[in-house]
Protein chains: 2
Amino acid sequence: MTESNPDIEISRRRLLGTVGAAGAAGLALGGASGALAHSALAGSGSGSATGAAGSLSSLGATQVAFHGDHQAGITTPLQAKGHVVAFDLAPGAGRTEAAALLRRWSDTARRLMAGETAPTADSGIALDAGPSSLTVTFGFGHSFFERTGLGARRPSALDPLPDFSSDRLDAQRSNGDLWVQIGANDGLVAFHALRALQKDAGDAARIRWQMNGFNRSPGATGTPMTARNLMGQVDGTGNPKPSEPDFDKRIFVPAAGPGPAEHAWMGGGSYAVVRRIRMLLDDWDKQSLAQQEQVIGRTKATGAPLTGGGETTEMELDKIGPDGKPVIPSNAHARISAPEQNGGAAMLRRPFSFHDGIGSDGAPDAGLLFICWQADPLRGFVPVQRKLDRGDALSAFIRHESSGLYAVPPGPRSGEYVGQRLLEG
Amino acid sequence: MTESNPDIEISRRRLLGTVGAAGAAGLALGGASGALAHSALAGSGSGSATGAAGSLSSLGATQVAFHGDHQAGITTPLQAKGHVVAFDLAPGAGRTEAAALLRRWSDTARRLMAGETAPTADSGIALDAGPSSLTVTFGFGHSFFERTGLGARRPSALDPLPDFSSDRLDAQRSNGDLWVQIGANDGLVAFHALRALQKDAGDAARIRWQMNGFNRSPGATGTPMTARNLMGQVDGTGNPKPSEPDFDKRIFVPAAGPGPAEHAWMGGGSYAVVRRIRMLLDDWDKQSLAQQEQVIGRTKATGAPLTGGGETTEMELDKIGPDGKPVIPSNAHARISAPEQNGGAAMLRRPFSFHDGIGSDGAPDAGLLFICWQADPLRGFVPVQRKLDRGDALSAFIRHESSGLYAVPPGPRSGEYVGQRLLEG
């Protein structure tokens, strides 16, 4: 791609007026974003800014910190729009080109997350908009390490996931050298970031696959926001909470270093498992409500266990109904995936829904862009999925179509780029 | 599709608490929505509601009226998410089945737009959410009239659009007997409506094509919200305003009747032209900012004409630059499409952007779901597109891939269903 693009030197903050120091909603991510330059409006042939000062809502004004112990987009509240995209390094590109790319990407991500324009050739798509909780998260796939000569620094946690009997994976939409997750509460802000990062890739990397997702818009539901998936189920009930004492231990690689010195670059990082899980919605919708709730083990309306209570009430897994059978069936999804049934395995599920119109089979090509985070996939996703693979009642209604596992390095310190401790360490 | 689905008799308003009588944002649509039943929570196996009372933002709480002189979704402010879908009547289905379908669809649309559940077998996807400015808009394609034996009542305004030399239309994604437009400020509310309407179709109609779109989220930008497309251009600047005296005449068929008595059913209706316009974004992004602005005739940052001023300043089409050429080039998109260059032709452009990942050519499969509204396509879309087809500088960067023209009947009166005046008149 040529770099003759227009170079709009407009501070979006200038166009917007002063946005105010809205922090990341809900969760402090650590670190602080740098001071925001209010660059002059120039080069557009127009001397006037639109000046919609002060009228952004919190949806537009909320800014998530780029720097910190962990990358943004892991504990950040779910955003309304998301893109996930995998890149492969171009033939001939190695460690040097990868380091330069991560430096460019980090610079772009830092600026866009602050509501500024891209460093060069901004497309203008996000002009007028605030940061809108934009996050950009970068990860490395298994193949990245061979291609960059960094095989010795590849953690064993990145070993390929085992095969699951119910998988129907499309290799073209799986894996990849580099993975980027983009989230924002505005669709144009998210698309703008995707295009800017794609442009940054230049000749160093090319897109392997790319998927789009969505979640509820902030304010569409009451507080706290209940996540629902496209089957209508409350989603994410069992997620570990950042307030729990062992949250960091479960989700993030220890900052002190994860073992051998050559893996120390992952201290503070996390592992993401990414799966496109198509939902067979026409089949699902033919089930009665009672049947659906037996499959899940929870009520649809509130997410409460079939043994009673509310969404966060613990399941009574031993409770027997009048028919002599467990109230929560032995193959219910909620039972099988419960941490207490999996040696305390825990992962932070942070998915997007996807909907790509009608599939070639005439049914909706829709489902869940499943993204989960953990310090070690072998103690998070893998044992749970092994068990689901054997006996989950839900598996008749879903299909895992793609899979990726990525090492997501820690958040960058000020002046650092994401992955620098790997690429220059 | 069987109708054995669960029948969740939950009022979403009950779950949400009282939402308050938030009217349609921005534009009064006429008419009033009916009283809202607060049906009892039953049949879900749970006796408790989540009760997130009072915490919806205006994004979630805003409700658009189903009844009125005109259907919703025409002058309603742009929503963040959209679906457009065309159905063909099933073999053997005729006027009777079509009338029953429109009755089912209208009942569902009325209820969902009020934040209630679907009449039967609600999927639960929108539980917890407010109406979120949901609109559902129904139209009839040219082929609908033959299939229902209503050929004599088909207005000539529905005659097929002329061929345009730059068109690259895919017949499979064009036209259709019935057309439905769904918009909402929450992605799950929109998807919920799409699924409910698809289910209503039952054996009477099947999906011909279906597309997804998006716009800015409310609050992401300052007020007034500036629409931008995926090329980064301000979009919709030249739109007629509802406050203008001839707005109704240009956009809606006269309520008194559009001519012959057999077309009186369209009084108060409008005609929608729907085109999937792919943007060749990789090519576009290789142009300099100056080149892009010459193609459009407006500045990118503010949408102001190249002859100066702000977004709403009139273009000085006769102004000559120091190089002896018109400041707004003779083939600039804004010049060619200007109403004053087209005998006052006016249409209300109300598009969504689309982004369906990466196309088979490796470039973004993204662009504009162009939707425009007018009382008569021969005095709206057709003359403008004829002119653009001949000499628009923008045409090198876009590709019209699908096309549809639909007669969108007036809004229903209380107790009436959409299209009743055609189907039972």
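Good morning, colleagues. The structure before you is a predicted model, and that definition already applies to one pair in it: the side chains of R173(A) and E401(A) meet in a salt bridge, with N and O 3.6 Å apart.

The secondary structure of chain A consists of 11 helices and 9 strands. If we take the contacts in chain A between residues at least 6 apart in sequence, 79% of them join residues at least 24 apart.

I turn to the domains. Chain A is divided into domain 1, made of 12–156, 172–231, 242–267 and 409–423, and domain 2, which spans 278–404. Where they touch, domain 1 of chain A contributes 34 residues and domain 2 of chain A contributes 32 residues. The size of an interface is often given as the accessible area lost when the parts come together. Between domain 1 of chain A and domain 2 of chain A, about 2600 Å² is buried, and carbon and sulfur atoms give 60% of that area. Which three residues supply more than any others of the area that domain 1 of chain A buries against domain 2 of chain A? They are L230(A), M231(A) and R250(A), with 29%.

What of the polar side of this boundary? Between domain 1 of chain A and domain 2 of chain A there are 16 residue pairs in polar contact, counting pairs with both residues at pLDDT 80 or more. The count of salt bridges between these two domains of chain A is 1. On the side of domain 1 of chain A that touches domain 2 of chain A, at least two residues each come from β1 (81–89), β3 (178–184), β4 and α6 of chain A.

Next, the salt bridges. Over all chains, the count comes to 46. In chain A, one network of salt bridges links D170(A), R173(A), R276(A), R278(A), D356(A), D361(A), D365(A), R399(A) and E401(A). R173(A) and E401(A), the pair with which I opened, both belong to this network.

R276(A) forms a salt bridge with D356(A), and the closest N and O atoms are 2.8 Å apart. Because R276(A) lies in strand β5 of chain A and D356(A) in strand β7 of chain A, the pair ties together parts that are 80 residues apart in sequence. Is R276(A) buried or exposed? R276(A) is buried, with a relative accessible area of 1%, whereas D356(A) counts as partly exposed at 37% relative accessibility. The other pair is R399(A) with E401(A), whose closest N and O atoms are 3.9 Å apart. Here R399(A) is partly exposed, with a relative accessible area of 30%, and E401(A) counts as buried at 9% relative accessibility.

Another salt bridge in chain A joins D235(A) to R349(A), the closest N and O atoms being 2.4 Å apart. This pair links distant parts of the chain, 114 residues apart: D235(A) sits in the loop between β4 and α6 of chain A, and R349(A) in strand β6 of chain A. D235(A) is buried at 14% relative accessible area, while R349(A) counts as partly exposed at 24%.

Q210(B) is found in strand β4 of chain B and counts as buried, at 10% relative accessibility. Which residues does Q210(B) contact, leaving aside its neighbours within four places in sequence? From chain A they are H355(A), G357(A) and I358(A), and from chain B they are H83(B), V84(B), V85(B) and L194(B). The side chain of Q210(B) is joined to that of H355(A) by a polar contact of 3.3 Å, and to that of N212(B) by a polar contact of 2.6 Å.

Thank you for your attention.

Notes. Residues are numbered from 1 along each chain as its sequence is written. Chains are lettered from A and ligands numbered from 1 in the order in which they are written. This is a predicted model: local features need pLDDT of at least 70, side-chain atom pairs count only at pLDDT 80 or more; totals for chains, interfaces and linings use all residues. Side-chain values use heavy atoms; hydrogens and water are left out. A salt bridge is a side-chain nitrogen of Lys or Arg within 4 Å of a carboxyl oxygen of Asp or Glu. Helices (H or I, at least four residues) and strands (E, at least two) are DSSP runs, numbered from the N terminus. Buried means under 20% relative accessible area, exposed over 50%, partly exposed in between (1.4 Å probe, protein chains only). Domain bounds come from an automatic or database domain assignment. Contact means heavy atoms within 4.5 Å. Buried area is the accessible area (1.4 Å probe) that two parts lose on being put together, summed over both. A polar contact is a pair of N or O atoms within 3.5 Å; within protein, one must be able to donate a hydrogen and the other to accept it, and residues adjacent in sequence count only if both atoms are side-chain atoms.
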